[in-house]
Each structure stands twice: as C-alpha cells, then as structure tokens.
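I opened this notebook to keep track of what I looked up, entry by entry.

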Amino acid sequence: MLFRSVVAFRASGPVLAAAATSSDLLVEVGGKVSAYSLSNGHRLRTWSLPSAAPVTSAGLYPVGGTIWAFTDWATDQSGFEYANVDRFSLSSSTVHRVSANDVYPADMAANSAGLYFEGIAGSGNYLFQGPPAALPRKHADPNIDAPLALSAGRVYLLAIHENQGGHTYLDAFGGSTLSPVFSKRLSDSDTGIAGTGAGLLLLGGGKVTLLDPASGTAASVLSVPGAVTLVPGPSAAVVTVSHSTTYLLRLAR
C-alpha cells in the first residue's frame, strides 16, 4: 500500500524529528519539542532539551506517556559528535537527562522497559538500557555502533564484527538482562533491522526478510526493489526510492 501525505501544520523551523502517540503529535525544531493535539492541532506543551551546540539531528521515541529523545550537533566542520539522551513525560514540563554527550545517535529503540541505546563509558563501548525511573543498565560490546531493534522481548544489533573478518552478524540480547543470547552471521549486504507489528524485519540486497526472533533464521523473504530504510513500529513499512522519487510502502503479511 502507498501512503499519501497531507499537511498537518506548519512548523516554525526545520523539523528534526517527529513522532506520535494515540492522541498527540510530537515535533522537534532545534532543541525544542512541542506536543500538539491530534484532534484539533492545538499546542499542548513545549520542552527545551539542553545542548552544547545548535542541534543538527534528533529523534523521538514515545512509549505511553513517556518520551525519550536524543539530540546531536554534528556538522561537516565538527564531524561525528556523540549525542545526548533525555526523558520527559507528556504530563510534566520537567526534562530528565539520561546520558550526556556519550551516545551513538539514532541507534536506539524504546518499549515499556525503557530506552535501549549504544554509547561509551570510560574507554569502552556499551549497550545500555535506560529504564523509565532508574539508572541505565549496561553490557560491554566492542561491535557498535550498529542498527538496533526490539522484538519478542529481546534486543537485536546488526553489527559488523571487525575481529571476525569485518562480516555482518545479528547479535541478540535479553531485554531484561542484556545478556547475550545468540550471534548469527548474515549477508554483508544486509544494512538494517526493525521491530514491527509483523515481527523482526531485516533489510538488504533489495529484499525484506522476516526473521525468526528465536534464532535469527529467515522465515520469509519479500523482494522490494529500491528499499532503503525499514520503519519500526506497529505497521511494517519500508522507504523505497524509484526514479528519484521516495515512497513509503506498507508491507502486508
């Protein structure tokens, strides 16, 4: 199915991130996140996210009444920069800083257990779980940063293992413990994973593969020419490009 876009409202500046709950639309412009009512478009509340420099990329991950957000300020001049992670509630103006200037931007996902993200601590790389009201749990992992997805109570990384010839692996971890469950080699052409309502999806080589979350093996494969990005969430979807035009396609089972 091909989705068609309509104008919801006009933002005050370039939109760096957007997300929605069942009742609210969340939009980030610069370092400010605003919540708008989906029923009438009225602005409900605005949160300011502290940043060391002007924000150039961001992400929003709503789960119930909790919103997780990352902000980053990398530019062509500064190169790569580690991101901040913040948490706030739709019912409060308070912003809680979860991690400061030590997170790999965009490689994260959230559910009721919290935000799962990748970052640095001391001299090492770690997979983190930030529960809604506690200090983050962490597990040392040299194979990050890597695309991250949540499915069937586990955390999955699509990681390049430099110590194993630079090949691509699907690494699975327990969602509540971050303990390793399995590591399965995949094709080096695989570039993305996403947890969706249809299950754990893998993208690569013009194909979308539904994976068995217990083993990482392929359950079914769908050819999707021009596929470039999987969209996590309750509806399985993929972004494709054809003849310089970008499309959002929903994948039906």
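The entries below follow that order.

Entry 1, ground rules. I am working with a predicted model, in which local features need pLDDT of at least 70 and side-chain atom pairs count only at pLDDT 80 or more, while totals for chains, interfaces and linings use all residues. Residues are numbered from 1 along each chain as its sequence is written, and side-chain values use heavy atoms, with hydrogens and water left out.

A pocket here is an open set of points on a 1 Å grid over the protein atoms alone, where a 1.4 Å probe fits, with protein on both sides within 12 Å along at least five of seven lines; lining residues have an atom within 4 Å of a point. I noted 45 lining residues, with A18, L230, V231, P232 and G233 lying nearest the centre. Several strands (DSSP runs of E, at least two residues, numbered from the N terminus) each supply at least two lining residues, among them β1 (15–20), β8 (95–111) and β20 (227–231). By class, the lining has 32 nonpolar, 11 polar and 2 charged residues; Ala, Val, Leu, Ile, Met, Phe, Trp, Tyr, Cys and Pro count as nonpolar, Asp, Glu, Lys and Arg as charged, and the others, Gly among them, as polar.

D86 forms a salt bridge with R97, the closest N and O atoms being 2.6 Å apart. This pair links distant parts of the chain, since D86 is in strand β7 and R97 is in strand β8, 11 residues apart. D86 is buried at 1% relative accessibility, whereas R97 is partly exposed at 36% (buried is under 20%, exposed over 50%, partly exposed in between, with a 1.4 Å probe and protein chains only). R87, also buried, has no salt bridge, but its side chain reaches the backbone oxygen of P132 at 2.9 Å.

I noted a cis peptide bond from I144 to D145, with omega near 20°. N101 has a positive phi of about 55° although it is not a glycine, and A152, with phi near 50°, sits in the loop between β12 and β13 (154–161).

Technical notes: Helices (H or I, at least four residues) and strands (E, at least two) are DSSP runs, numbered from the N terminus. Lys and Arg count as positive and Asp and Glu as negative; His and the chain ends are not counted. A salt bridge is a side-chain nitrogen of Lys or Arg within 4 Å of a carboxyl oxygen of Asp or Glu. A polar contact is a pair of N or O atoms within 3.5 Å; within protein, one must be able to donate a hydrogen and the other to accept it, and residues adjacent in sequence count only if both atoms are side-chain atoms.
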